[in-house]
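Please look over the sequence and the model below.

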Amino acid sequence: GYVQAEEPVMTVEDAKAAKIAQIAAYSDSDAVNSLTFNGIKTWLTPNVRANYLVSLDAAELLGETDITFVVEGVQASLPIKQVRLLLAKIQRYADACYIVTEEHKRAVKALQTVDEVKAYDYTKGYPDKLAL
């Protein structure tokens, strides 16, 4: 009276969907979204970067040359031009990471077998982390 239940067979489409979800989670994790600023590990989300740019614009309009900001609870004051350069570097790093993530998704969609999908390494190809 014993019937062994069979494991459901994963389709290629199911495997692709699962792998793409893993790629998205990895892309959103601090494995990708992190940098080091003065020895402090942090990340600036797109909203935070945009807010800093607004603050920089306001400071410049008011004739200020330096701006004070907080990174992981540590206050820092730097010249506005230097902060603009830092934000530009962070943005370009984020842009490069986004391109790699999209390339991984496209590559997975092109795979033909479950084994190929399972073996795909989506952690490769990301740029080196920023140390600012």
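## Arg84 and its partners

Arg84 is partly exposed, with a relative accessible area of 25%. This is a predicted model. Arg84 forms a salt bridge with Asp57, and the closest N and O atoms are 2.5 Å apart. Asp57 lies in helix H2 (residues 46-61) and Arg84 in helix H3 (residues 80-110), so the pair ties together parts that are 27 residues apart in sequence.

Asp57 also counts as partly exposed, at 39% relative accessibility. A network of salt bridges links Asp57, Glu60 and Arg84.

## Other salt bridges

The whole structure holds 6 salt bridges. One of them joins Asp30 and Lys41, with the closest N and O atoms 3.3 Å apart. Asp30 sits in the loop between H1 and strand E1 (35-37), while Lys41 belongs to strand E2 (residues 40-42), so this pair ties together parts 11 residues apart in sequence. Asp30 is partly exposed, with a relative accessible area of 45%.

Lys16 pairs with Glu13 in a salt bridge, and here the closest N and O atoms are 3.8 Å apart. Both residues are in helix H1, 3 residues apart, so about one helical turn separates them. Lys16 counts as buried at 10% relative accessibility. Glu13 is exposed, with a relative accessible area of 53%.

## Lys19

Lys19 is placed in helix H1 (residues 12-28). What is the distance from Lys19 to the nearest side chain of opposite charge? That side chain is Asp121, 7.6 Å away. Lys19 is buried yet has no salt bridge; a salt bridge would need a side-chain nitrogen within 4 Å of a carboxyl oxygen.

The Lys19 side chain does reach a backbone oxygen, that of Lys118, at 3.2 Å. Beyond its neighbours within four places in sequence, Lys19 is in contact with Val108, Val117, Lys118, Tyr120 and Tyr122.

## Overall fold

The protein has 4 helices and 4 strands. From the N terminus on, the elements run α-β-β-α-β-β-α-α. The radius of gyration is 21 Å, well over the 14 Å that the globule rule gives for 132 residues, so the protein is more spread out than a compact globule. The C-alpha atoms fill a box of roughly 80 × 35 × 25 Å along the principal axes.

Buried residues make up 31% of the 132 residues. Among contacts with a separation of 6 or more, 66% are between residues 24 or more positions apart. The accessible surface comes to about 8700 Å². Carbon and sulfur atoms account for 55% of that surface.

Terms used
Residues are numbered from 1 along each chain as its sequence is written. This is a predicted model: local features need pLDDT of at least 70, side-chain atom pairs count only at pLDDT 80 or more; totals for chains, interfaces and linings use all residues. Side-chain values use heavy atoms; hydrogens and water are left out. Helices (H or I, at least four residues) and strands (E, at least two) are DSSP runs, numbered from the N terminus. Buried means under 20% relative accessible area, exposed over 50%, partly exposed in between (1.4 Å probe, protein chains only). Lys and Arg count as positive and Asp and Glu as negative; His and the chain ends are not counted. A polar contact is a pair of N or O atoms within 3.5 Å; within protein, one must be able to donate a hydrogen and the other to accept it, and residues adjacent in sequence count only if both atoms are side-chain atoms. Contact means heavy atoms within 4.5 Å. The radius of gyration is taken over C-alpha atoms; the globule rule is 2.2 Å times the number of residues to the power 0.38. Accessible areas come from the Shrake-Rupley method with a 1.4 Å probe; for residues, only the protein chains shown count as cover.
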